[in-house]
Amino acid sequence: MPQQAQIPLVPPGNVTEVVLATSGYDHTIRFWEALSGICVRTIQHPDSQVNRLAISADKRCLAAAGNPHIRLYEVQNTNPNPITSFDGHTGNVTSIAFQSAGRWIVSGSEDGTIKIWDVRAPGIQRDYDLKTPVNDVIIHPNQGELISCDQNGAIKIWDLGENACTHEFVPEEDVPARSVTMASDGSSLIAANNKGNFYVWRTKSKGELSDLEGVQQVNAHSRYITKCLLSPDTRTLATCSADHTVKIWNATADTSEGLQQGRVKFELDKTLTGHQRWVWDCAFSADSAYLVTGSSDHSAQLWDLNTADRIRQYNGHQKAVVCVALHDVSL
């Protein structure tokens, strides 16, 4: 296994416009033509199941979080082998994200740690020990902070400049927090938990996490929320659940100024029904108009959020699809 990542250089004109990948428990990663539903490439991932996928901003690399390794694959060619491996976790890697410039990735694990890895050099750059399984970790849009949630129910803010956890809050005692998401403009933070609740906080000055104000608690599902995700335009929240549904929530505000300033609350707009088992993950299109979901029913599905219609189903996985990644932003 090569340790030094040789980041592939592909002429700009040769970059696949839409990258859609899915994975899960059948030890394969599949790439799809989003509109036709045709599987165009399959990578074998024999080590373990894949828990999470992330695509780099330049569409060159796909990171696959397994147990306990993270593998980095090339997107723009057919090389079936990982170009590098990040080794250091001792349990299931539950979350992964690329820094916006693609220089580092962050991962969270059931081993109770959050780690930061330099994409071009092996070894762990930062290592934070939470002493409880980490269920999700995301990078703040300012790229200078991390937000994590864990099995103890805590939401933690990590300042990379101070190299420390600077804030911690527990919305519901003894209820594992499953997923966190942040508005792309830093105006709001949302966390979801195992009781089917999600919580919304507003940053009083955009992106300033030291001054969070709780604005809403919603009992969204009767069972676990497995994933919550805000759309790129910040107007829509998707919640995936063990109840086999995905719910779509619209951001509303008393005034247009309130909407601009992030003084929003979320109201249920639509319920996407069609999966037969737990829905584990979702990804929005760049224009916030479509959603891809992955489920234990072995399928991924593409939804038109304007009509709530399922417009494509991606079939081919032999076991649960627990992670999806979509990157259709024009470069």
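Start with the largest pocket: select Ile55, Ala97, Phe98, Leu229 and Leu326, the lining residues that lie nearest its centre. Keep in mind as you go that this is a predicted model.

Now colour the strands around it. Strand 4, strand 8 (93-98), strand 12 (134-139), strand 16 (177-182), strand 20 (225-230), strand 24 (279-284) and strand 28 each put at least two residues into the lining of the largest pocket. Which strand gives the most to that lining? Pick out strand 8, which contributes five residues. If you colour by residue type instead, the lining of the largest pocket splits into 25 nonpolar, twelve polar and five charged residues.

Next stop, the second largest pocket, with about 370 Å³ of space. Select Asn51, Thr94, Glu110, Arg178 and Trp280, the closest to its centre of the 14 residues that line it. The lining of this second largest pocket is made up of five nonpolar, six polar and three charged residues.

Time for the cores. Select Ile29, Phe31, Val50, Leu53, Leu62 and Ala64: in the largest nonpolar core, which has 16 residues, these touch the most other members. Strand 1 (19-24), strand 2 (28-32), strand 4 (52-55), strand 5 (61-65) and strand 28 (321-327) are the elements that give two or more residues to this core. Strand 28 gives the most, with three residues.

Zoom in on Phe31 and show what surrounds it. Beyond its neighbours within four places in sequence, Phe31 is in contact with Val19, Leu20, Ala21, Ile38, Cys39, Val40, Arg41, Ile43, Leu62 and Val75.

Last stop: Trp249, in strand 22 (residues 246-252). Is Trp249 buried or exposed? Its relative accessible area is 5%, under the 20% cut-off, so Trp249 counts as buried. Show its surroundings: leaving aside neighbours within four places in sequence, Trp249 is in contact with residues including Phe198, Val218, Ala220, Arg235, Leu237 and Phe266. Thr239 is another of its contacts, and the side chains of Trp249 and Thr239 are joined by a polar contact of 3.0 Å. To finish, draw a distance from Trp249 to Ile43: their C-alpha atoms are separated by 34 Å, and the two residues are 206 residues apart along the chain.

How values were computed. Residues numbered from 1 in each chain as written. Predicted model: local features only at pLDDT ≥ 70, side-chain atom pairs only at ≥ 80, totals over all residues. Heavy atoms only, no water. Helix = DSSP H or I, 4+ residues; strand = E, 2+ residues; numbered from the N terminus. Buried < 20%, exposed > 50% of the residue type's maximum accessible area, 1.4 Å probe, protein only. Contact = heavy atoms within 4.5 Å. Polar contact = N/O pair within 3.5 Å; in protein donor to acceptor, adjacent residues only side chain to side chain. Core = buried A, V, L, I, M, F, W, Y, C linked by side-chain atoms within 4.5 Å. 1 Å grid on protein atoms, 1.4 Å probe; cavity = no way out; pocket = protein on both sides within 12 Å on 5 of 7 lines; lining within 4 Å. Nonpolar A, V, L, I, M, F, W, Y, C, P; charged D, E, K, R; others polar. Points joined across faces, edges and corners; volume = space filled by probe spheres on them.
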